[in-house]
Amino acid sequence: MKKNKSVILGILIIVVVCIATGCMFYNVLDSTDFKEHFGALGYTISNDEESNYEAKSYLVATKDDVPFKIEYYEFETEVDAKKVYQDYKENIANYITTDSQNKQTEGAVFTKCVAVSTDEYIVISRVKNTLIFIAGTNDYQEEIDTLLEDIKY
């Protein structure tokens, strides 16, 4: 009987750790998934734009009726994604016209920074070796949040 309790306790600990660290809820969106998902939503996907960073894959999703673009990076390693995330975060003042309130969320495989100013709403979201950057306006905050929730970023 004690052996069964130990096995059940061990399984329970593993499940709790996976839930707490986010391992069970974050799927990496590869470039094909990004193209399919945002293409289905009516976005035009381009891989012709100049990237600010060296990446395995760089895609930009745009739509005529929204004033923001969704930049997607896929890097060779998670360390590269973390470096670019940090660089975006440190240079967020380049995208904001007034002071902003920044909120950062961290987990085992993800990091997310949301900057809200008088006019701008900016999200930098990294999951494993991928990163999504959106520099939008407050008017589109709900739409941006919904887009990211749908892909679990």
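The chat below goes through the fold, the salt bridges, the backbone and a pocket.

Trainee: What kind of model is this, and how are residues numbered?
Mentor: It's a predicted model: local features need pLDDT of at least 70, side-chain atom pairs count only at pLDDT 80 or more, and totals for chains, interfaces and linings use all residues. Residues are numbered from 1 along each chain as its sequence is written, and side-chain values use heavy atoms, with hydrogens and water left out.

Trainee: How many helices and strands are there?
Mentor: There are 4 helices and 7 strands, where helices (H or I, at least four residues) and strands (E, at least two) are DSSP runs numbered from the N terminus. The order from the N terminus is α-α-β-β-β-α-β-β-β-β-α.

Trainee: And what share of the residues counts as buried?
Mentor: 35% of the 153 residues. Buried means under 20% relative accessible area, exposed over 50%, and partly exposed in between (1.4 Å probe, protein chains only).

Trainee: Switching topic: how many salt bridges does a search of the whole structure find?
Mentor: It finds 3, a salt bridge being a side-chain nitrogen of Lys or Arg within 4 Å of a carboxyl oxygen of Asp or Glu. One of them joins Glu78 and Arg126, at 3.2 Å from N to O. Glu78 sits in helix α3 (residues 78-90) and Arg126 in strand β6, so the pair ties together parts 48 residues apart in sequence.

Trainee: Is Arg126 buried or exposed?
Mentor: Buried, with a relative accessible area of 2%, while Glu78 is partly exposed at 27%.

Trainee: What about Glu74, which side chain does it meet?
Mentor: Glu74 meets Lys56 in a salt bridge, 3.8 Å from N to O. That pair links distant parts of the chain, with Glu74 in strand β3 and Lys56 in the loop between β1 and β2, 18 residues apart. Glu74 counts as buried at 11% relative accessibility, but Lys56 is exposed at 52%.

Trainee: Then which residue pairs with Glu49?
Mentor: Lys69, with the closest N and O atoms 3.5 Å apart. Glu49 is in the loop between β1 (44-46) and β2 (57-62), and Lys69 in the loop between β2 and β3 (70-74).

Trainee: OK, backbone now. What's the phi of Lys128?
Mentor: Positive, about 50°, although Lys128 is not a glycine. Most residues other than glycine have a negative phi. Lys128 is in the loop between β6 (120-127) and β7 (130-137), and counts as partly exposed at 33% relative accessibility.
Mentor: Lys152 also has a positive phi, near 60°, and lies in the segment after α4 (141-150).

Trainee: Last one: how much space lies in the largest pocket?
Mentor: About 150 Å³. On a 1 Å grid over the protein atoms alone, a pocket is an open set of points where a 1.4 Å probe fits, with protein on both sides within 12 Å along at least five of seven lines; lining residues have an atom within 4 Å of a point. The volume is the space filled by probe spheres set on the points, which are joined across faces, edges and corners.

Trainee: Which lining residues lie nearest its centre?
Mentor: Out of 10 lining residues, Thr105, Phe110, Lys112, Val114 and Tyr153 lie nearest the centre. β4 (101-106), β5 (110-116) and β6 each give two or more residues to the lining, and β5 has the largest share with 3 residues.
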